[in-house]
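This briefing covers a chain's fold, an interface and a pair of helices. Look at the structure first, then read the points below.

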Amino acid sequence: MALVLTEEQSMLRDSARGLISDKAPVAHLRGLRDAKDTIGFSRELWKTFAEMGFSGLLVPDQFGGSGLGCVEAGIVMEEIGRTLMPSPFLATSVLAASALTRGGSEAQKAQHLPKIADGSLLAALAIDEGAKHRPLQTKLQATRAGNGFKLSGDKAFVVDGHTADLLIVAARSAGSAGDKNGLTLFLVDPRAKGLTVERTAMVDSHNAARIVFENVEVNADHVLGEVDQGFALLEGVLNIGRGAVASEMVGLSDEVFGRTVTYLKERKQFGKAIGEFQALQHRAAELYIDIEITRAAVLKALQALDTDTAKAATAVSVAKARAGTTATRAVQEGVQMHGGMGMTDQFDIGFFMKRARVCQELFGDSNFHTDQLASGKGY
Amino acid sequence: MADLEKFRAETRAWLEQNCPAEMRKPMTSDGDTFWGGRNTKFSSEAQRVWFERMRDKGWTVPHWPKEYGGGGLDGEEAKIVRQEMAAIGARQPLTSFGISMLGPALLKYGTEEQKKEHLPKITAGLIRWCQGYSEPNAGSDLASLQTRAVGDGDDYIINGQKIWTSYANYADWIFCLVRTDPAAKKHDGISFILFDMASKGVSTKPILLISGYSPFCETFFDNVRVPKSHVVGTVNRGWDVAKYLLQHERAMISGMGERGVGRPLGQIAADSVGADAQGKLDDAQLRSQIANFEVDEAALAAAAERAVDLAKAGQSHPAFSSAMKYYGTELNKRRYEILMSAGGIDALEWESDRSRGGARPRAWLRTKANSIEGGTSEVMLGIVAKRILDLPGA
């Protein structure tokens, strides 16, 4: 498969870019932040997303979606990254849609997927517990009780946790932290007794929540996939999420870079454009090269997720690790080259820096994925 | 698509049948590369067999037109041949600057007569070419070159000196930049010309490098007589040809690190630093360096693949090969720094059989030229800044 977008994919990119740049420029995020908006995104815009078929992008045709793949989801994520648009797209349309499509029973799929596609159901994936992404270390306990399970423990960094109508929760039903066996995924109603959601205001003004489970009862038919064998399903879903976030970081990096190069051409000091100085030219060129190489690695990973699942894990680790370091470099160079203006809240660059830091942590930072690659290769 | 899958299956079967087992092992020395040329010798029977089979198939250069000795394959087919060769670890049957540098320039700028004369001798491995670009006072500032070509009837008389001429002492012919109009601005008075290294007045002198090898030469021209018909492209417009050729040269150099060193870095390191019960290297810093390197290496491989695909789709920037050259060469230097660190004191032996004549340290030192030859890293960044990013200034 060629590592370029097809004509259809280019059209999807153009229509996503058109909508997002028009309805949700960075000012949109700024407005939600300044208003201390309690939802954290625009429900109206989400409706438009659904009308344009974006919310059901990964949902199979028979459940009302478009049945497209990770490359297409990545295309939308890249455009989201360009304007930092807060959107349920990642949690609901990428993560939850993938989890249900891959692991759901026919009944579960029929119940939830059409609502994801039409935009009426919001979902969230609850994985992380500690300060760092370590899915194998999951401790939240699932204990058998009657015709089901009781969940007890804490989750953190649950993207869109406070607005979700449905939670997908990773829990330990057997074994101990660190074991691959003994993980189970549950579909949980956030209004269930014993469940407390606290929205956490984050540095990037995007949604996240801490959720506490105290003997939350879950019926056995709300298990997603197999009891105790949830890790493979979870890893598959996380890899899709990682590819999607890597795409977001490519969009973010490219946008910061474009704004920075424009500034280098406009800003004058010592009687000339600062972009004439070789010290800045070479740094800008290096960053450009970094972004282009990362862009290829991310597209490679997205294609692998769609076609070659055996190779996808390594390709995803490469993509997420690269995207993390590239975005970190892009936002730091962005602020530095904007000088004092880059430090002001009035300039948008700071929003990109904040979001890049969050994207690094989402589903494993560069260190995590570099380590995964090394372990995968047996050293 | 179905046709391509059929082509892939046929290619796989043909390679399986025709590529000798010895030619599927990683190369371990310079002798493993077959360069062709008038005075060439095969280092093994397998090397000869492999070369001749690929030559007869037209696959020493699969993507060149058939009338010039190539395989006549389109971009997709040529990619399949590359992929299937890589899949079995098949060596290049023929390596030459004729293929990677001169050929593309001749295909674009050469007359039909020049193409017919030179390209088939390149694909058949009959003529080995060298590149006469750099001069003692024209390195990064290549366009300031001083080698003079003065008209004399139907000929030019060439005088001057080139330096860093790779394998000039083994080459049969040279593609050379000469100044044909000293009065013009420096980029405007240059011509691109071809001549036989056996011509009267040509001499070469190998330069001993820090690796102990002498892959580069000084090349001297003392009243060398060359027919004017040997100019490629327009007289005094040789800079266009030179730049076009450099794009291909840079693409080639950026890919040099892809020639695998055989065993994975992680295993090589495990041999010397040891590993714990889980197989993790006992040197955590080295492990992290290797892993970071391999992330970047995989990303670069994707970018190289994408660059080819973009070119096919007509979406590539002509200066992008400078970006790839920069990244590929810096990465290859990193690879060898890691290999040296992983090898420890074993990688310091210079002459023993045990160290295959100091193969690793010599290769390590050789890589230091990667970010200098074909345009320095700094020149590459300057090209990206100006031609792709359109940043202002000289």
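Two residues are in contact if their C-beta atoms, placed from the backbone, lie within 7 Å. Among contacts in chain B between residues at least 6 apart in sequence, 70% join residues at least 24 apart. The model is predicted: local features need pLDDT of at least 70, side-chain atom pairs count only at pLDDT 80 or more, and totals for chains, interfaces and linings use all residues. Residues are numbered from 1 along each chain as its sequence is written, while chains are lettered from A and ligands numbered from 1 in the order in which they are written.

**Chain B**
- Chain B has 11 helices and eight strands; these are DSSP runs, numbered from the N terminus (helices: H or I, at least four residues; strands: E, at least two).
- The C-alpha atoms of chain B fill a box of roughly 75 × 45 × 45 Å along the principal axes.

**Interface of chain A with chain B**
- In this interface, 33 residues of chain A are in contact with 38 residues of chain B.
- Helices H7 (230–266), H8 (278–307), H9 (309–337) and H11 (366–376) of chain A each give two or more residues to the side of chain A that touches chain B.
- H8(A) gives the most to that side, with 14 residues.

**Helices H9(A) and H11(A)**
- H9(A) and H11(A) pack at an angle of about 150°, with their axes 8 Å apart; axes are lines fitted to C-alpha atoms, for helices over the stretch in contact, and angles run from 0 to 180 degrees between N-to-C directions.
- H9(A) and H11(A) are therefore roughly antiparallel to each other (angles over 145 degrees count as such).

Conventions:
Angles under 35 degrees count as roughly parallel, over 145 as roughly antiparallel, 65 to 115 as roughly perpendicular and the rest as oblique.
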